[in-house]
Amino acid sequence: MEPSPPSKRAISQYSTTSDKLAQRVAILSYDTNPQPWYSWLSSRLNIAANDILEVGSGTGELWRHIDPSLAKTITLTDFSAAMCDKLREIHSLPSTSTTVKQCDAASLPFEDATFDLVIANHMLYHLDSPEAALLEFTRVLRPGGRLRVSLNGRDHIAELLELGQTVGRPSPILDAARITAETAPELLSKYFKDVAMERFPGDFDVPVAEPVLGYLASWGDEAMTGKQEADARALVEKRIAEEGSFRVRKNMVLFSAVKA
C-alpha cells in the first residue's frame, strides 16, 4: 500500500496554525464527566518504562496531563510544522528522552519494532487512508506492542453539526472521515489482535455562547460571516436561556489493541 499523506482538509486546517485545533479542544473543558478526557485517556495508557510514540500529537495537550518521566522515551510526531513548534514548547517533557518529528502518519521515519506503545488520539479520521497509517503502526511496534486509538462516532457533537448546517456553516469532517468509531473494529482487526473499545462517558454542557461559536468558526478555510455568527449566537443564547446551557452529546471511544 502506498503511503497516504494527510487529507487536503487537514492540511488546510492545521499545517500553518494550531489555532483551529485549540478552538476545538476548548470545548472539552465543559464536559459533564468529572474526569477530564486527557486524564481519563492517560489512565488507560500505562506508559511506565515504555518507548512511546504518539502520532498526530497536535499541541501535545495529553502530555500536560500525564507524568512524562514515567516513560523510557517519548517520540511525538505531527505533519504540521506549527504543531511541532507547539510540542517543543512543552517544558515538562524530559529533553534527554523526548523527540519531536514532523512527518506523515502513513510514512513514519522509524525502524521496525521500535516502540512499545503507539497512541493515535483523534487523528486517524484526518487521513485519506487510515489503513496505511495502521500498517505503519504495526510495523514500528515491537512484538506484543500496544495500540491506543481514539475516534468519534457518527453521532458525535450532533447538536453542533445541526447548528452549523442551520446557519450555513456545515462541517466537512463527518463526510470526509474514512474511519469512525463504528467502522474501526473491523479495520483494526485486520492488523491487530485483542481489539477492545471503551466509550468515554458524559456530554458537553456549555453555559455561554462563545465556545460554541469558536467551534463553528474552526470549520473550513473561510471566516464565519457576520450573519452566520449572529444567527448562531441567537440560536445558542436562546437555548441557554430556555434550558440553562447548550447541551452537546458526545460519542468518544478509545480502542485498545495488541500487535498480532
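Ring pairs join W37, W40 and F200 into a cluster, where rings of Phe, Tyr and Trp (its six-membered ring) pair if their centres lie within 6.5 Å, with planes under 30 degrees apart counted as stacked, over 60 as edge-to-face and the rest as tilted. The model is a predicted one, in which local features need pLDDT of at least 70 and side-chain atom pairs count only at pLDDT 80 or more, while totals for chains, interfaces and linings use all residues. Residues are numbered from 1 along each chain as its sequence is written, and side-chain values use heavy atoms, with hydrogens and water left out.

In total, the structure holds five aromatic pairs. One of them is the stacked pair of W37 and W40, with 5.5 Å centre to centre and 25° between the planes. These two residues are separated by about one helical turn, because they stand three residues apart in helix α3 (residues 37-42); helices (H or I, at least four residues) and strands (E, at least two) are DSSP runs, numbered from the N terminus. W37 counts as buried, with 2% relative accessibility, and W40 is likewise buried, at 3%, where buried means under 20% relative accessible area, exposed over 50% and partly exposed in between (1.4 Å probe, protein chains only).

W37 also forms an edge-to-face pair with F200, at 5.1 Å centre to centre and with 65° between the planes. This pair links distant parts of the chain, since W37 belongs to helix α3 and F200 to strand β6 (residues 192-200), 163 residues apart. F200 is buried, its relative accessible area being 1%.

Another ring takes part in a contact with a charge: K250 lies over the face of F204, at 5.5 Å from the ring centre, the criterion being that NZ of Lys or CZ of Arg is within 6 Å of the ring centre and within 35 degrees of the ring normal.

The largest cavity has a volume of about 840 Å³, counted as the space filled by probe spheres set on the points. Its lining consists of 47 residues, of which L21, H122, M123, Y125 and H126 lie nearest the centre, and lining residues have an atom within 4 Å of a point. Among the elements that give two or more residues to this lining are α1 (8-14), α3 and β1 (51-55), while the largest share, three residues, comes from α2.

Terms used:
On a 1 Å grid over the protein atoms alone, a cavity is a set of points where a 1.4 Å probe fits but cannot get out, and a pocket is an open set with protein on both sides within 12 Å along at least five of seven lines; lining residues have an atom within 4 Å of a point.
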